[in-house]
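Let's take a walk through this model. Have a look at the fold before reading on.

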Amino acid sequence: MAKQISQMVSWVGKVDWELTRFHGDEYSTHRGSSYNSYLIRDEKVALIDTVWKPYDKEFVSRLKQEIDLKSIDYIIMNHNEIDHSGALPELMREIPNTPIYCTKKGEAIIRGHYHQDWNFVNVKTGDKLSLGKHSLTFVEMTMLHWPDSMLSYFDGDGGIVFSNDAFGQHFASESLFNDKVNETELMYEAEKYYTNILNLYSPMITKKVKLILDMNLPICMICPSHGVIWKENPMQIVNQYLTWANAYQENQVTLVYDTMWQSTRLMAEAIADGIQQAAPDTTVKIFNIAKDDKNDVLTEIFRSKAVLVGSPTINYGHSFAIAGLLEMMKGLKFKKKKAAAFGSYGWSGDAVKQINVLLTEAGFELVNEGIAKLWVPDDTALEDCRQYGRNFAENL
């Protein structure tokens, strides 16, 4: 059912408690998500975004209970990935002539998805749409995180930003607002979202966020397309984005490995022990990428000042799971982080050298050439790993 979030704005989206995977199998959503759509009632009525296609009929049916669809004057599509635009075909069957306001790229993407000649109105940064007493101002948010992305600012009700993917989280809640949920869980999901969806666009995020701040607009709420609405101290997430976008790191070292017969695991634990001995104030975390969630591991790498990646040598190469992680690390374009490789081997020790190459290609600064150990490491080999960890920590 619809929920009133301000005098003129209602939430008409869908909370998806069952969602566990997103973007195919690329993103884990342990706390579910939501697809937020908003209805603004002024002298004119505007609908901001829709919901994911599996819920299109449910969305339109519930919207009918809230308002006569023919009284919707404008549809605003801030971003047209299918989780936001999926209900458009079902909605447009009911109100086919309603104008759809979006960027030029947004029109191209909607046409590419749905192959319909709807009534498109292209907007760009600074364009305004009067709703009567109040208006919407559009700001292009190119590559946050698609070429068509924009936000819409409503100057009524104290100032509301409809930010689409920016400032969002995959976080299911019936409460809607940030002050009604667990703050630690919320901020983790916001950081995970930034890491896995937005980090590679950090330079553009800094530019766009500063543009918004320079507009000096009153903002009482930030309403993203996923997760909860930032109502209490809404600018906290804006300032956090500026922090995250500035080559973010904490005093943490993360070790990620895969293992066949536990030899590489033993090396990881010994190296971690050495790091902790040399730098007791440093947080050290270890993950088996074949068993731990890849998106959570990437979030830990985002937090880290350095990462060690380990794999046994398999068929003159490294493991499938490590290869996938390294590809994701490369795509996310982490900045100002150090790294090295480690691993066990039998008759060929190519994995460590290969991982070092891939780490360099991913933008990490190598601390050294890494460490490799033959077969199952004995006490002497494990002590070598501990010493390697001590030296690694001292060279950060």
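In what order do the seven strands of the open sheet run? The order is S1-S2-S7-S8-S9-S10-S11, with mixed pairing. Strands here are DSSP runs of E with at least two residues, helices are runs of H or I with at least four, and both are numbered from the N terminus; two strands pair if DSSP finds at least two bridges between them. S1 (3-4) and S11 (120-122) sit at the edges with a single partner strand each, so one side of each has no neighbour in the sheet.

A quick note on the source: this is a predicted model, where local features need pLDDT of at least 70 and side-chain atom pairs count only at pLDDT 80 or more, while totals for chains, interfaces and linings use all residues. Residues are numbered from 1 along each chain as its sequence is written, and side-chain values use heavy atoms, leaving out hydrogens and water.

Inside the sheet, S7 (residues 38-41) and S8 (residues 45-48) run antiparallel and are joined by four bridges. Arg41 stands opposite Val45 in S8.

Now for two residues (buried is under 20% relative accessible area, exposed over 50%, partly exposed in between, with a 1.4 Å probe and protein chains only):

| Residue | Relative accessibility | Class |
|---|---|---|
| Gln169 | 0% | buried |
| Glu183 | 55% | exposed |

Gln169 lies in the loop between strand S15 (160-164) and helix H5 (183-198). Leaving aside residues up to four places away in sequence, its contacts (heavy atoms within 4.5 Å) include Ser33, Leu186, Tyr193, His226 and Trp230. Glu183 belongs to helix H5, and its C-alpha atom is 44 Å from that of Asp379, 196 residues apart along the chain.
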